[in-house]
Amino acid sequence: MGGYTQRVRDSILPLSVAGTLPTAFGEWSFTENTVDHESPIETCELCGQQDLRYHFEIANRYTDSTLWVGSHCILQFDVAVLEKGRRLSPTEAKRHLTKLTQQMQLESCIRTLEQLAAKESNPVLSGALDYYRKNKKLTPKYAAVVFWKLRAFNVDHHPSFFQVELRRTQHVEDLRQMQTSRVHRFWSALTTAQRRKAVELGHSPPEG
């Protein structure tokens, strides 16, 4: 813990007015700027944590210095997260940062679907893209085709970022009637509850 604290001190104090760690953090706030690096390749400029995919920018109101950090450090060190000038509580701040992360994941899914639609002139793929833009989810039928084509064209993607729509009766019925091998294509995109539902509908989980 001592080394971790020293890394944080060495990162934050030279860019702050205050000379002590707790007071220095009071000068910093989250700017609302974020970056999705597409892969976990970056480092937190505050604590040194590696393998970050998402960066969140914090800035010092006195020195105008900035750092790109992980969301964990914003919460851990109580860096101010503001909304319309009001400082959010720790619970509100966590919810806000989670929402921003989810938005970046949504945008990543849309970029992936755009890449896929460009690979093949296929009305199902273009329809899936339009549907995801509008609903932020894929139907089971769309998901079965999308995940098949993502693998076929070797398009880099994160299955767990995608969401599948299973609230409507028709979508549940589509899942029921679907061949289990097709359900397995998008199994990794299903939530735990959705996987249980799939099993209830007669589908077995993928082996391994």
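**Figure 1. Strand 2 pairs with strand 3.** Four bridges join strand 2 to strand 3 (residues 66-69), and the two run antiparallel. Strands pair here if DSSP finds at least two bridges between them. Helices (H or I, at least four residues) and strands (E, at least two) are DSSP runs, numbered from the N terminus. This is a predicted model: local features need pLDDT of at least 70, side-chain atom pairs count only at pLDDT 80 or more, and totals for chains, interfaces and linings use all residues. Residues are numbered from 1 along each chain as its sequence is written, and side-chain values use heavy atoms, with hydrogens and water left out. Glu 57 has Trp 68 in strand 3 as its bridge partner. The two strands form a hairpin with five residues between them.

**Figure 2. Asp 64 sits in the hairpin turn.** The loop between strand 2 and strand 3 holds this residue. Its phi is positive, about 65 degrees, although Asp 64 is not a glycine. Asp 64 is exposed, with a relative accessible area of 65%. Buried means under 20% relative accessible area, exposed over 50%, and partly exposed in between (1.4 Å probe, protein chains only).

**Figure 3. Strand 2 is mostly covered.** Strand 2 spans residues 54-60, and seven of its seven residues are buried. In a regular strand the side chains alternate between the two faces of the sheet. Tyr 54, Phe 56, Ile 58 and Asn 60 point one way from strand 2. His 55, Glu 57 and Ala 59 point the other way. Residues of both sets are buried. Six bridges join strand 1 to strand 2, again in an antiparallel arrangement. Thr 34 stands opposite Phe 56 in strand 2.

**Figure 4. A salt bridge joins Asp 36 and Arg 111.** A salt bridge is a side-chain nitrogen of Lys or Arg within 4 Å of a carboxyl oxygen of Asp or Glu. The structure holds 11 of them. In this one, the closest N and O atoms are 3.3 Å apart. Asp 36 lies in strand 1 (residues 28-36) and Arg 111 in helix 4, so the pair ties together parts that are 75 residues apart in sequence. Asp 36 is buried at 17% relative accessible area. Arg 111 is partly exposed at 29%. Both belong to a network of salt bridges that links Asp 36, Glu 38, Arg 53 and Arg 111.

**Figure 5. Arg 133 meets Glu 114 in a salt bridge.** The N to O distance is 2.8 Å. Arg 133 is in helix 5 and Glu 114 in helix 4, 19 residues apart, and the pair links these distant parts of the chain. Arg 133 counts as partly exposed at 44% relative accessibility. Glu 114 also counts as partly exposed, at 34%.

**Figure 6. Glu 120 meets Lys 149 in a salt bridge.** Their N to O distance is 3.2 Å. Glu 120 is in the loop between helix 4 and helix 5, and Lys 149 is in helix 6 (residues 140-152). The two residues are 29 apart, and the pair links distant parts of the chain. Glu 120 is partly exposed, with a relative accessible area of 24%. Lys 149 counts as buried at 11% relative accessibility.

**Figure 7. Asn 122 reaches the backbone of Val 124.** Asn 122 is in the loop between helix 4 (90-119) and helix 5 (123-135). Its side chain reaches the backbone nitrogen of Val 124 at 2.8 Å. Asn 122 is buried, with a relative accessible area of 17%.

**Figure 8. Lys 136 has a positive phi.** The value is near 65 degrees, in a residue other than glycine. Lys 136 is in the loop between helix 5 and helix 6. Lys 136 is partly exposed, with a relative accessible area of 46%.

**Figure 9. The views belong to a protein of nine helices and five strands.** From the N terminus on, the elements run α-α-β-β-β-α-β-β-α-α-α-α-α-α. The C-alpha atoms fill a box of roughly 65 × 35 × 35 Å, taken along the principal axes. Of the 208 residues, 43% count as buried.

Key. Polar contact = N/O pair within 3.5 Å; in protein donor to acceptor, adjacent residues only side chain to side chain.
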